[in-house]
There are 2 protein chains.
Amino acid sequence: MEYYPASMNTLIQRLARLPGIGRKTAERLAMHILRQPVAEAHQLARSIVDLKQKLRLCERCFALSDDAWCRICSDPSRDNGQVCVVEQPADMASIEKSGAFGGRYHILGGVLSPMDGIGPDDIKIEALMERIRKEKIEEVILATATNVEGESTAAYIAGILAPLQVTVSRIASGVPMGGDLQYVDQVTLKRAMESRHGI
Amino acid sequence: MEYYPASMNTLIQRLARLPGIGRKTAERLAMHILRQPVAEAHQLARSIVDLKQKLRLCERCFALSDDAWCRICSDPSRDNGQVCVVEQPADMASIEKSGAFGGRYHILGGVLSPMDGIGPDDIKIEALMERIRKEKIEEVILATATNVEGESTAAYIAGILAPLQVTVSRIASGVPMGGDLQYVDQVTLKRAMESRHGI
């Protein structure tokens, strides 16, 4: 830590706090920023500040947004009848990248986890119920993770949605595409076998 | 790129320009910055700006410095008689980390490379000559890289220092410590054999 001037050390330390960035990588990044034109480094700093200032959650679906409603909620071409329920904004981005869904989203902002003290009131389940009551939603697709918390959150939401006039579905799980069977874990294989379908 | 709001996309794009940071990592870093407290994100932005504003080169040895003279040049406990010549500030940091050297440094800021049009006037060789004339330097240790450019730069500097009243040495090269011989390349092995010494 004594090998660089204070301003360099400070930046290295701050960069090294980011996930997946160790001290060596932080040094390399700081060296790169040092060699960048001033304008470019300032733009990077600016966009960090901007992100914190501008970004908020969409008032309807709780996706990341620069405005009151996010890009997808403001898009009139999306299907109002389908709502895909995900845990985090990054999950929504993944589904959007796949291009497989043309409806709207609902971001829970977490997952039920009694061990961490996260109950139904801590994630946006009540807001989802509210949307189902107000909007003309025909199908709710539960796309939470396929781990223990994701599965139980999906089961819980399916339970409380059961009395409502809405179809509830769960994304399929099974062997990933391009997957070699010998590298697929036992639980996934079991699930793939149980969910087999005629061709 | 359409999956996130503009402020998020901008930061992701800027982060993805850093070396070794791909789009996926940039997304993860941006998500982390989003979840950080505002103060911490601002500190990161601040330290990027600070680095560009405060950091300059030491007037004596051309190391990175916040002041006119770097930490090592200002340290009266370092040996004035030995000067270690390196290519880049990061090389100096590596030698400092090893704790093997107690003298002062001279950072060339590059390496002779006719292919890239970098000649003796483009790196700090004249400034090194000047220091040897003015300061009481007894030994110049050439610690440029052991690749083609580093080796030829060391040879060139050794050549022009030959007429001066100063000892010129080159860091040893050979098999790295803890190295298994079967994984060491041929050139290194050849060098290690040629430079063998009695024990």
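Two strands are said to pair if DSSP finds at least two bridges between them, while helices (H or I, at least four residues) and strands (E, at least two) are DSSP runs, numbered from the N terminus. This is a predicted model, in which local features need pLDDT of at least 70 and side-chain atom pairs count only at pLDDT 80 or more, whereas totals for chains, interfaces and linings use all residues. Residues are numbered from 1 along each chain as its sequence is written, chains are lettered from A and ligands numbered from 1 in the order in which they are written, and side-chain values use heavy atoms, with hydrogens and water left out.

**The sheet of chain A**
- In chain A, four strands make up an open sheet with parallel pairing, and their order is β4-β3-β5-β6.
- Strands β4 (103–107) and β6 (167–170) of chain A are at the edges, and each has a single partner strand, so one side of each is left without a neighbour in the sheet.
- Neighbouring strands of this sheet are turned against each other by 25° on average, direction ignored, where axes are lines fitted to C-alpha atoms, for helices over the stretch in contact, and angles run from 0 to 180 degrees between N-to-C directions.
- Five bridges link strand β3 (residues 79–86) of chain A with β4(A) in the parallel sense, and Val86(A) has Ile107(A) in β4(A) as its bridge partner.
- Helix α4 (residues 89–98) of chain A packs on the sheet, where it touches β3 and β4 of chain A (contact means heavy atoms within 4.5 Å), and its direction makes about 160° with that of β4(A).
- Helix α6 (residues 148–161) of chain A lies across β3, β5 (139–142) and β6 of chain A, and it runs at about 170° to β6(A).

**The sheet of chain B**
- Chain B has an open sheet of four strands with parallel pairing, in the order β4-β3-β5-β6.
- Strand β3 (residues 79–86) of chain B runs parallel to strand β5 (residues 139–142) of chain B and is joined to it by four bridges, and the bridge partner of Cys84(B) in β5(B) is Ile141(B).
- Helix α5 (residues 125–134) of chain B packs on the sheet and touches β3, β4 and β5 of chain B, with its direction at about 150° to that of β4(B).

**How the two chains are related**

**Buried residues**
- Ser7(B), which lies in helix α1 (residues 6–16) of chain B, is buried with a relative accessible area of 6%, where buried means under 20% relative accessible area, exposed over 50%, and partly exposed in between (1.4 Å probe, protein chains only).
- Leaving aside residues up to four places away in sequence, Ser7(B) touches Leu51(A), Lys54(A), Leu55(A) and Asp66(A).

**Cysteines**
- Over all chains the structure holds zero disulfides, a disulfide being a pair of cysteine sulfur atoms within 2.5 Å.
- The sulfur of Cys73(A) is 3.7 Å from the closest cysteine sulfur, in Cys61(A), which is too far for a bond.
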